[in-house]
Amino acid sequence: MKAFFIAVLLAVAFTQTASTTYSLNGGANPSLQSTRVSYLCQANYYWSTQSCQPCSTATDANAYCTCTTYNTCTTQTCLTGYTKINSVCYQIPANCATYGLTSSSNALICFSCATGYSLVGGICILNNNCTQYSTANAICTGCNAGFYFNWNLQLTTGTTLNSYSSYFNNFSGFCSPCMAGCSSCTGPTTCSTCASGYYWNMPTSTTYLTTLGTTGAGSCSACITGCSACTSSSTCTACFTYYYLPATTAGQTVACNTCNSLFTNCVACTATACQSCLIGYYLVTSTTVPCVTCPTQCTSCSAASVCTACVSGYILSSTGTCVACPNNCTSCTFLSGTTGSTTCKACQDLFYLVVGTTTTPTTCSLCTSSNSQFLRCQGPGENSSLTTVVPTQCTNNYYLVTVPASGTTAASTTCVAAAASPVCLTLSTNVGTSCLTCITGYQLVGTQCLACAGGVNGIPTGCSTCTVSSSALVCTACSTIGYLQVAATTAGGSVSCTACPSQCSACSSSTTCTTCLSSYFLSSNSCSPCGSNCLACTSNTICTTCSNGFYLNTVTTSSGTTQSAQCYSCQPNCATCVSPGQACLTCTSGYVLTNGGCVSLAQANCNQQSATTGCTVCNYGFYLLNNQCYQCLQPYAGFVCRSNEVQSNTTTNGTTPAVQYGYIISILALLLVF
């Protein structure tokens, strides 16, 4: 039994999506919008005035960046289904409406739930016909109509309780259904009130049903079809919607008939008249056929040929008919002098107005039909100052460029193809290699974007910073690691970068090291390797700092002189440990310190951890105690997490309940008894 309860302390972990690569000039959004827009970029892109250019990739795999300049990130916005908590995007659990941290910021919880779920201990629990859960022990305290409390709870065969949801998904429900046709009962064989459409059928007994199927006992029997209330299997006293109660004489069966059988397409009636018709029909009260079809495309009408409202894409004429607007038109009117021909006033997104005449209608055409590179556009119909169709956004791998007027040639806006290997952020002319601004890592020299990279464009290897001087790119600074900077020989000229010897981080000449890279030590003006897994040393046998996952074992002579100091492996997933390696001090990323060892976040039910103290934030469904995570709901042991772990104040389904909790110490004591 003890093992059974301890088994509930296993984990539920979150998953993350893979990161996405964003390309230059590749972020145009071709999706049709409900409102017309001039341009639109995909998530993680921004409008550069000529095209959609990428922001940097979000550091959070469940977010995308918003920005206003190339390859930067102003804000990280969570993907759909995720919410930001402490600057990290977490997946919102299923059926959780709002999500966040506990009042002490050490566990992830829900604050409100979707319809059909109740909030208990910061967790959304499927109602399963329960109207309210106790916040003291997570037990159901009220059932829906037609259900009764069922305390004969049985664990589903072969299931393992390894998360909070197992308690509610693998046990039979708290509320079980009453017998068929019963709306109120106290058990499976006792009914106190029959449901609508049923009556109490008690052939010989004068008491309510006590034993299901017993001769003479009562039951809830169905009324005749259409009856909402009846006194027997043949006598109705009230009818459901769409039915009516006919007039009868003594001794006749009183049944409910459908309105449609009396009056075609009628949905509400009396025995003598229709009161309401199906949608698309109108009511005529002075005829034996009261529901008459509205004309095509009408949503309502006042007579057989008179519409009062039309479906979307149609307009109502003065004669009461619905006339179609031109295709892909969002607003239209009647062509001058007509009542049956329409002309467009505004087009959908991705379309433009093709202006008609006084006798021909204005219609809508796709921007790409005017030019295959035009994603969004406008013409004289949208802008009276124009004489032709011009783009407002180009398709991917094209720039939107306004070419200035030249001589007798007027200014024009067009789409210009990007170069095969684009480095221009924006263009200055209608030539794809004529740059106005450059992407990060390139500098504008004339109309070209040149890279400040060693070995190209006359830049020496090892150069880290460039500037433009006399219409040329020159190096002004060398890398601070592995290179020696030699001043320029002429004013405005390029500095020289001399490579240091192998494994040097700094040098005074091409043959003399002054500082070594990590895992090397300085010996006779050169750098020699330290021992295995050593980050810093004074010789190849005496290490002073070990790599992560290793500890330093020092051997000294009898006089106290260090004879050797080498690095040995800690136990798996330790970042640091103490000799002889069994006890971890800190853990590697993705692992949390637990009882001197490192276990995965999933195994520890942990979401965030401290390298030295253990878990700091628990997964959804768990709470923190002494830097370890424990199951939050254990209703069959009468336990819900501690009161100071959850922010809440009511107990109604779908809202945040007040939580009154016992302590984990008491439940552990209970386990020991078992």
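Across the whole structure, a search turns up 2 salt bridges (a salt bridge being a side-chain nitrogen of Lys or Arg within 4 Å of a carboxyl oxygen of Asp or Glu). The structure is a predicted model, in which local features need pLDDT of at least 70 and side-chain atom pairs count only at pLDDT 80 or more, while totals for chains, interfaces and linings use all residues. Residues are numbered from 1 along each chain as its sequence is written, and side-chain values rest on heavy atoms, with hydrogens and water left out.

Helices (H or I, at least four residues) and strands (E, at least two) are DSSP runs, numbered from the N terminus. Glutamate 382 counts as partly exposed, at 28% relative accessibility, and arginine 36 is likewise partly exposed, at 30%. On this scale, buried means under 20% relative accessible area, exposed over 50%, and partly exposed in between (1.4 Å probe, protein chains only).

The side chains of arginine 376 and aspartate 349 also meet in a salt bridge, with 3.0 Å from N to O. Arginine 376 belongs to strand E35, and aspartate 349 to the loop between strand E32 (342-347) and strand E33 (351-354), so here the parts tied together are 27 residues apart in sequence. Arginine 376 and aspartate 349 are both buried.

Asparagine 607 has its place in strand E59 (residues 606-610). This residue is buried, with a relative accessible area of 15%, and its side chain makes a polar contact of 2.9 Å with the side chain of tyrosine 90. A polar contact is a pair of N or O atoms within 3.5 Å; within protein, one must be able to donate a hydrogen and the other to accept it, and residues adjacent in sequence count only if both atoms are side-chain atoms.

Serine 87, by contrast, turns up in the loop between strand E5 (82-85) and strand E6 (88-91), and at 64% relative accessibility it counts as exposed. Its C-alpha atom is 8.5 Å from that of glutamine 76, 11 residues away along the chain.

Strands E57 (residues 591-594) and E58 (residues 597-600) run antiparallel and are joined by 4 bridges (two strands pair if DSSP finds at least two bridges between them). Leucine 593 stands opposite cysteine 598 in E58. The hairpin has 2 residues between the strands, and asparagine 595 takes a positive phi near 50° there.

As for the chain overall, its secondary structure comes to 5 helices and 64 strands. Of its 674 residues, 39% are buried.

Confidence is given by pLDDT, the predictor's score for each residue from 0 to 100. The chain averages 81, and 84% of the residues score at least 70. Among the elements, helix H5 (residues 664-673) has the lowest mean pLDDT (30), and E1 the highest (97). Over residues 205-216 the pLDDT is below 50, and this stretch has 21 contacts beyond near neighbours in sequence; contact means heavy atoms within 4.5 Å. Residues 643-674 also have pLDDT below 50, with 88 such contacts in the model. Where pLDDT is low, the predicted coordinates should not be read in detail.
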